[in-house]
Amino acid sequence: MSSTKEPESKITIADVARAAGVSPMTVSRVLNDRGGASAETSQRIILAASELNYRPNPFARGLRSDRSKAIGLLVPDITNPFFPEVIRGAEDAASAAGYNLLLSNVVENSKREEELIETLLRHRVDGIIVCSPRLPDAALHKALAPHRAVVLINREAPNEVAGTIVTDYETGASRAIDHLVERGRRKIAIIAGPRSSFGGKSRLVGFRKTLVAHGLKAQGIVYCDPTAAGGQTAAAQLLAEAPGIDALVCYNDLNAIGAMKACRAAGVSIPGQIALIGFDDIPTAELLSPALTTLRVQKREMGEEAVRLLLSRIATRNRQHGIVIVPELIIRETT
């Protein structure tokens, strides 16, 4: 049976105005809480809008107010346990400020990242947060330039391009090496994650500098996808190419989980023969057997701070720039 009822999506301010017997401008002022009408008229307009099931289009409203009350959030891989906590923190902070959060999953694809940044611009978001972007600086800055306000997580940028929430991965990596050396480890290899990762490059700087400070050098460095499968493949390669290694430092906890699997398959005990350190402290890390030593990053707080910084930049344009988070070494059973 077909219905003659007008679809909800086609109900406009003009329809509400006709039903209430007022002008569209009066409807707009009342529904946007800008006054200019008597209590009786306001009540009549609100009743008419309710009866017609009128729902304002936030983006159309944004065309008039120059605000959509929406912000975009891009993450490289929503299946990586690091990012749901960032998303939750961002969602909580956005909701508290009366903003909607539009989430986009980049799936570790720099071309898709570029396309999604443009898509969010067409949706007229008030600003965007990009987590761990993979685009090179020139391409990233060009893509971000048209946006009103931008915050980058785990990527540095000039103040005129974006505010930044940066993890001090160099210090975290240094603490990891110091800890391994204190435990008597000398033949340390590195699972370095993606070559395009800004955070991965910062980790490598810290690893290398601290190894040199201890009179050591990396026994091997292998790049890989930031996944358990990537870590397993990288660890298997290192075990084959550098059989004397006694420690592995991994780009993230997922790589470390894969490395644990590779060690078990090769009959290598952890931590007896090889000590293992991850990064991020995802929820699974302490549930592993043995429990994973890792560098903890406050992920939920990172999402909250990113939204606060973005809203500040939306309101004041480029006032506050960078926030630096230092990872905390969490010592468990793998070292």
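Buried means under 20% relative accessible area, exposed means over 50%, and partly exposed lies in between, for a 1.4 Å probe and protein chains only. Arginine 124 is partly exposed, with a relative accessible area of 34%. Its place is in the loop between helix H6 (110-122) and S3. Phi of arginine 124 is near 60 degrees, a positive value in a residue other than glycine.

This is a predicted model: local features need pLDDT of at least 70, side-chain atom pairs count only at pLDDT 80 or more, and totals for chains, interfaces and linings use all residues. Residues are numbered from 1 along each chain as its sequence is written, and side-chain values use heavy atoms, with hydrogens and water left out.

Elements come next. Helices (H or I, at least four residues) and strands (E, at least two) are DSSP runs, numbered from the N terminus. Two strands pair if DSSP finds at least two bridges between them. Strands of a sheet pair through backbone hydrogen bonds, either parallel or antiparallel.

Take the parallel sheet. It is open, with 6 strands in the order S2-S1-S3-S4-S5-S11, and the pairing is parallel. Strand S2 (100-105) and strand S11 (322-325) stand at the edges, each with a single partner strand, so one side of each has no neighbour in the sheet. The twist averages 15 degrees from one strand to the next. Inside this order, strand S3 (residues 127-131) and strand S4 (residues 150-153) run parallel and are joined by 4 bridges. Cysteine 131 stands opposite isoleucine 153 in S4.

Follow the chain on to serine 132. This residue lies in the loop between S3 and helix H7 (137-144). Serine 132 has a positive phi of about 45 degrees, although it is not a glycine. At 10% relative accessibility, serine 132 counts as buried. Both Cys131 and Ser132 touch phenylalanine 83. Leaving aside neighbours within four places in sequence, phenylalanine 83 is also in contact with Val75, Pro76 and Asp77; contact means heavy atoms within 4.5 Å. Phenylalanine 83 is found in helix H5 (residues 82-96) and counts as buried, at 5% relative accessibility. The C-alpha atoms of phenylalanine 83 and arginine 300 are separated by 8.8 Å, although the two are 217 residues apart along the chain.

Now the mixed sheet. It is open, has 6 strands in the order S7-S6-S8-S9-S10-S12, and its pairing is mixed. The edge strands are S7 and strand S12 (328-330), each pairing on one side only. Neighbouring strands of this sheet are turned by 20 degrees against each other on average, direction ignored. Strand S6 (residues 188-193) is largely enclosed by the rest of the structure, because 6 of its 6 residues are buried. S6 pairs with strand S8 (residues 247-250) in the parallel sense over 4 bridges. There, alanine 189 has leucine 248 of S8 as its bridge partner. S6 also pairs with strand S7 (residues 221-223), again in the parallel sense, over 3 bridges. Isoleucine 191 has valine 222 of S7 as its bridge partner. The antiparallel part includes strand S10 (residues 293-296), joined to S12 by 3 bridges. Threonine 294 has isoleucine 330 of S12 as its bridge partner.

Helices cover this sheet's strands. H11 packs on the sheet, touching S6, S8, strand S9 (275-280) and S10, and its direction makes about 155 degrees with that of S9. H10 lies across S6, S7 and S8, running at about 150 degrees to S6. Axes are lines fitted to C-alpha atoms, for helices over the stretch in contact, and angles run from 0 to 180 degrees between N-to-C directions.

The two helices also meet each other. Helix H10 (residues 228-241) and helix H11 (residues 253-265) pack at an angle of about 50 degrees, with axes 6 Å apart. That makes H10 oblique to H11; under 35 degrees counts as roughly parallel, over 145 as roughly antiparallel, 65 to 115 as roughly perpendicular and the rest as oblique. Residues of H10 in the contact include Ala235, Ala236 and Leu239, and those of H11 include Ile257, Gly258 and Ala259.

Two cis peptide bonds close the tour. One joins isoleucine 270 and proline 271, with omega about 5 degrees. Proline 271 sits in the loop between H11 and S9. Another joins serine 289 and proline 290, with omega about 0 degrees. Proline 290 lies in the loop between S9 and S10.
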